[in-house]
Amino acid sequence: MAEMAEIAGLSRPSADNGANKRLSVRADSVQNLPRPGFAALASVPVEEWRALAERAVEPNGYYLPAWELAVNATVRGRTGVAALSAWRDASPNKLVPSEDPASELPRLIGLLPVVSLWRACKIPLPALASASPYGTLCTPLLDRGLAEEASKGLISEARRAGARALILRDVSLNGAAMKALTQALRQDGLQPIILHSHLRACLDARREADEVLRDALSAKKLKELRRQRNRLAEEHGMVRFAVARTTEEVAHAVEVFLALEASGWKGERGTALRQDTGDLIFIRSATRGLSETGQCEIVTLHAGETPVAAAIVLRHQDRAFYFKLGIDERFAKFSPGVQLTLDLTRHLCADAVLATADSTASADHPMINPIWRGRLKIGDVILPLRRNDPVVSAIHAALTARHRLREWARTAIHRLRPAK
């Protein structure tokens with residue numbers, strides 16, 4: 001039982017005489033993890049990680065290395081993350097040497113950043129949970145040609161670490177990664193347990209933007225938005241939509257975004273990114289790193305020379321991820337966030353590479369839901385690692401109770417909050 005306690009963050013391992021020293025995941029950090037398949041996230045070879053991301057069966061912009069490593073480096077409460085990884089030999093026939101030495105090296109085929117269940121949810125039971133990447137998507141990266149093998153590898157490494165369950169938070173329930181993980185579990189006579197789920201807005205970027213907007217918004221609403229845009233131009237100067245793509249452009253645009261975000265209610269609550277040193281270092285580093293690989297854009301709406309709204313958009317394969325929006329609330333009567341989102345919709349639909357854009361917003365989001373009418377099913381899932389395991393039943397019960405309590409608290413706060 002010692003290994004279970006250690007992975008839940010309940011105790012430190014005791015030292016022994018050398019090579020067989022037992023190591024653990026503590027609730028507050030990850031140190032000296034025992035094997036390449038389960039190690040500190042920062043130790044994963046970045047080039048292998050990038051190559052896996054290019055081959056991933058399902059995109060996840062929040063688990064790209066430039067993003068997640070920046071989170072792991074400085075964001076309060078999200079540093080010191082571990083990683084489950086799956087590897088395979090690139091050359092199956094060891095008797096025939098390759099002309100390319102690199103082809104003889106193991107290849108990364110699966111990756112999932114993780115923390116203990118204690119650290120994730122303050123539940124002292126032996127399980128691992130997907131690490132929160134400062135975004136609402138924790139779909140693991142699985143090699144598209146070896147997704148089931150990669151799933152088996154991640155599951156095997158979780159077992160080796162002493163976990164009795166693997167909890168995926170904010171995962172795409174109908175996506176290719178979840179299907180591969182489900183199939184891998186079935187071969188062991190197991191099946192995932194869905195804790196809860198919700199639908200969130202997404203955009204079918206393969207359609208014509210004007211068609212998308214006409215289907216989503218009434219003629220009356222579109223007319224009102226055009227009127228607001230015209231008034232904004234009349235009072236403050238020509239309305240212009242700009243896209244920052246290069247590293248230099250993104251470095252400038254992120255400062256504009258940060259100022260806009262801090263000028264509104266997030267700044268009043270003290271939750272704007274630039275109000276926390278770790279958050280500020282993270283977002284500057286992550287956007288810069290992703291801009292170097294063409295995986296980050298910052299879009300800004302100007303009225304004359306004044307930026308009135310800005311948003312950060314991540315890109316991975318054929319999918320975009322709408323991370324955050326900042327607006328200047330002095331221009332609220334012109335609906336700057338909606339105006340920016342309309343322009344962003346046109347921008348994304350005009351991109352021949354993109355098929356989908358994930359809003360990564362909460363369920364029933366009042367701004368994005370009426371505009372992006374597609375829906376993704378997102379949820380939290382338990383992957384049991386043993387058959388008929390009473391510990392998994394206890395984990396399920398604890399997580400269910402925690403979710404119900406949080407929902408009750410959220411509802412109570414909403415009811416008690418005075419109307420503006």
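User: Is α12 mostly covered or mostly open?
Analyst: Mostly covered: 13 of the 14 residues in α12 are buried, where buried means under 20% relative accessible area with a 1.4 Å probe, protein chains only. Keep in mind that this is a predicted model, where local features need pLDDT of at least 70, side-chain atom pairs count only at pLDDT 80 or more, and totals for chains, interfaces and linings use all residues. Residues are numbered from 1 along each chain as its sequence is written, and side-chain values use heavy atoms, leaving out hydrogens and water.

User: What span should helix α12 have?
Analyst: At 1.5 Å a residue, helix α12 (residues 336-349) should span 20 Å, and its end C-alpha atoms are 20 Å apart, so the two agree. The expected span is 1.5 Å times one less than the number of residues.

User: Switching to strands, which residues of β4 are buried on each side?
Analyst: In β4 (residues 127-130), A127 and A129 are buried on one side, and L128 and S130 on the other. Helices (H or I, at least four residues) and strands (E, at least two) are DSSP runs, numbered from the N terminus.

User: In what sense does β4 pair with β3, and with β6?
Analyst: β3 (residues 106-116) and β4 run antiparallel over three bridges, with V115 partnered by A129. With β6 (residues 165-172), β4 pairs in the parallel sense, also over three bridges, and A127 sits opposite A165 there. Pairing takes at least two DSSP bridges between two strands.

User: And how many helices and strands in the protein chain?
Analyst: There are 13 helices and 13 strands. Of the chain's 420 residues, 51% count as buried.

Technical notes. Buried means under 20% relative accessible area, exposed over 50%, partly exposed in between (1.4 Å probe, protein chains only).
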